[in-house]
Amino acid sequence: VLHGPVTGGVREVEMTIGRKKQTRRCMEVTRKKSGERFTVWESAALGAMFDEIAERGEGPEVYIRYEGLGKAKTDQNPPKLFTVAIKA
């Protein structure tokens, strides 16, 4: 579980994956209890949260809990499942 304020707004980072260059989004979240800082990378399951934080900017508290892997579709990797909340 990661719970705390967004301390680094959403930013885009160019990465080389295989031979292709891709742009991926990430943001920094500071854990409320310990003060540790984490970089959270966007995934399909976290896309809506990233869109919301991109609009609001730094400051809102987020709650992210990894729930494990879902059921894989044919010829695909299983999706990562998360429970996500943004404090209003």
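1. **Ground rules.** This is a predicted model, where local features need pLDDT of at least 70 and side-chain atom pairs count only at pLDDT 80 or more, while totals for chains, interfaces and linings use all residues. Residues are numbered from 1 along each chain as its sequence is written, and side-chain values use heavy atoms, with hydrogens and water left out.

2. **Layout.** The protein has one helix and five strands, and along the sequence they run β-β-β-α-β-β. Helices (H or I, at least four residues) and strands (E, at least two) are DSSP runs, numbered from the N terminus. The C-alpha atoms fill a box of roughly 40 × 30 × 25 Å along the principal axes.

3. **Burial and surface.** Of the 88 residues, 23% count as buried; that means under 20% relative accessible area, with exposed over 50% and partly exposed in between (1.4 Å probe, protein chains only). The accessible surface is about 6,300 Å², and carbon and sulfur atoms own 47% of that. Areas come from the Shrake-Rupley method with a 1.4 Å probe; for residues, only the protein chains shown count as cover.

4. **The core.** The largest nonpolar core has eleven residues, among them Leu2, Val29, Leu46, Phe50 and Ile64. Such a core is a set of buried Ala, Val, Leu, Ile, Met, Phe, Trp, Tyr and Cys residues joined through side-chain atoms within 4.5 Å. β1 (2–17), β2 (20–30), α1 (47–56) and β4 each give two or more residues to this core, and α1 makes the largest contribution, three residues.

5. **Leu46.** This core residue is worth a look for its contacts (heavy atoms within 4.5 Å). Leaving aside residues up to four places away in sequence, Leu46 touches Val40, Trp41, Ile64, Phe82 and Val84.

6. **Pairing around β4.** Two strands pair if DSSP finds at least two bridges between them. β4 pairs with β1 in the antiparallel sense over four bridges, and Ile64 in β4 is the bridge partner of Leu2. β4 and β5 are also antiparallel, over seven bridges; there, Leu69 stands opposite Lys80 in β5. Leu2 and Ile64 both belong to the core in point 4.

7. **One to check: Asp75.** Asp75 is not a glycine, yet has a positive phi of about 60 degrees. The residue is in the loop between β4 (61–69) and β5 (80–86). So is Asp75 buried or exposed? At 79% relative accessibility, Asp75 counts as exposed.
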